[in-house]
Amino acid sequence: METAKTKHPTFKYLILSLSLSFLLLFLVISLHPDRFQAVLTTTVTENRPPHSAFLSSTEDLKIRPGYTSYDTYIQRQLNKTLNPKLREIWTTRDWDRKIQVFSRFFEDFKSEKFLADSSKCLCVGARVGQEVEALKRVGVADSIGIDLVPFPPLVIKGDFHNQPFDDETFDFEFSNVFDHALRPEKFVAEIERTLKSDGVAVLHVSLSRRGDKYSANDLYSVKPLVKLFRRSKLVRVRKVDGFGLDTEVVFRKTKKNIKQRF
């Protein structure tokens, strides 16, 4: 019987070691629950796929499901941008009408000192460039747009999740396609990256109605935008009538010597 008791001493030590380990872990979690939660959250976040839209979903900003990859998302956007019927409408029936409306918006921005003739401007997600043409017509000659499909000379090829420009290039950036961003945090980060210190960003968004079938997100208030623009201050929110978009949100990028919000 004594031989049986001493036959497997290693097993006893293993059980004792495991018990002590679990006890120690329990004590650490009990004494420092905040640290444990931080480590757990970091680990989960780092293991998410890079194209995951879940990172941007909040109560007032919902990412639409259905995109299995970023390439799938891009192809869906191209289906709209390359649609020959839509492109014909954009360049004929809608051309002058939209330029007139955009021109009024930009004239207002000039009168409010958000925009000047000397400003270097970017229109994000400009399709065929009516807003770019409007900027030029109101005297802002150094203006360009980006979109997945170029429309020279007004629009060059570019993904708004990864703008093809250097840091702090523009004085003013305008966009009315926030609802098409699959990664809203990247969309905003690229605007802030390419915007000069003290530069102005203007977004036209819809809060009262949902976008079309090509939209990648639904926005229900301006709160998510304020959180996403981490390097800028909210200047103004007002109601507008901009081709189905009802709200204008204006941000100004903080100067380098001003402490940024995080």
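I take buried as under 20% relative accessible area, exposed as over 50% and partly exposed as in between, with a 1.4 Å probe and protein chains only.

**Ground rules.** The model is predicted, so I read local features at pLDDT of at least 70 and side-chain atom pairs at pLDDT 80 or more, while totals for chains, interfaces and linings use all residues. Residues are numbered from 1 along each chain as its sequence is written, and side-chain values use heavy atoms, without hydrogens or water.

**Overall.** I looked up the secondary structure and found 9 helices and 9 strands. These are DSSP runs numbered from the N terminus, helices being H or I of at least four residues and strands E of at least two. The protein has 262 residues, of which 44% count as buried. I count a contact when heavy atoms are within 4.5 Å. Of the contacts between residues at least 6 apart in sequence, 66% join residues at least 24 apart.

**Cores.** I define a nonpolar core as buried Ala, Val, Leu, Ile, Met, Phe, Trp, Tyr and Cys residues joined through side-chain atoms within 4.5 Å. The largest one holds 35 residues, and Tyr-73, Phe-160, Phe-178, Phe-187, Leu-203, Val-205 and Leu-225 have the most contacts inside it. Elements giving two or more residues to this core include α4 (70–81), α8 (184–194), β6 (195–205) and β9 (245–253). A second, separate core has 27 residues, among them Ala-126, Val-128, Leu-154 and Phe-174. In soluble globular proteins, nonpolar side chains tend to be buried together. I then listed the partners of Val-205, leaving out neighbours within four places in sequence: Phe-178, Leu-219, Leu-225, Leu-245, Asp-246, Thr-247 and Val-249.

**Helix α8.** I checked how covered α8 is, and 8 of its 11 residues are buried. Phe-187, Ile-191 and Thr-194 are among these, as are Glu-190, Glu-192 and Arg-193. Thr-194 has 0% relative accessibility. Its side chain reaches the backbone oxygen of Glu-190 at 2.9 Å. Beyond four places in sequence, Thr-194 is in contact with residues including Gln-163, Phe-165, Glu-168, Phe-170 and Glu-173.

**Backbone.** Most residues other than glycine have a negative phi, and most peptide bonds are trans. I noted the peptide bond from Pro-152 to Pro-153 as cis, with omega near 0°. Pro-153 sits in the loop between β3 and β4 (155–157). Glu-168 has a positive phi, near 50°, and belongs to the loop between β4 and β5 (170–175). Glu-168 is partly exposed at 29% relative accessible area. For Phe-243, phi is positive too, near 55°. Phe-243 is in the loop between β8 (232–242) and β9, and its relative accessible area is 29%, which means partly exposed.

**Largest pocket.** I searched a 1 Å grid over the protein atoms alone, a pocket being an open set of points with protein on both sides within 12 Å along at least five of seven lines, and lining residues having an atom within 4 Å of a point. The largest pocket has about 700 Å³ of space. It is lined by 33 residues, with Lys-80, Asn-176, His-180, Asp-212 and Phe-243 the closest to its centre. At least two lining residues come from each of α5 (84–91), α6 (95–111), α7 (130–137), β6 and β7 (217–219).

Notes:
A polar contact is a pair of N or O atoms within 3.5 Å; within protein, one must be able to donate a hydrogen and the other to accept it, and residues adjacent in sequence count only if both atoms are side-chain atoms. On a 1 Å grid over the protein atoms alone, a cavity is a set of points where a 1.4 Å probe fits but cannot get out, and a pocket is an open set with protein on both sides within 12 Å along at least five of seven lines; lining residues have an atom within 4 Å of a point. Grid points are joined across faces, edges and corners, and a volume is the space filled by probe spheres set on the points.
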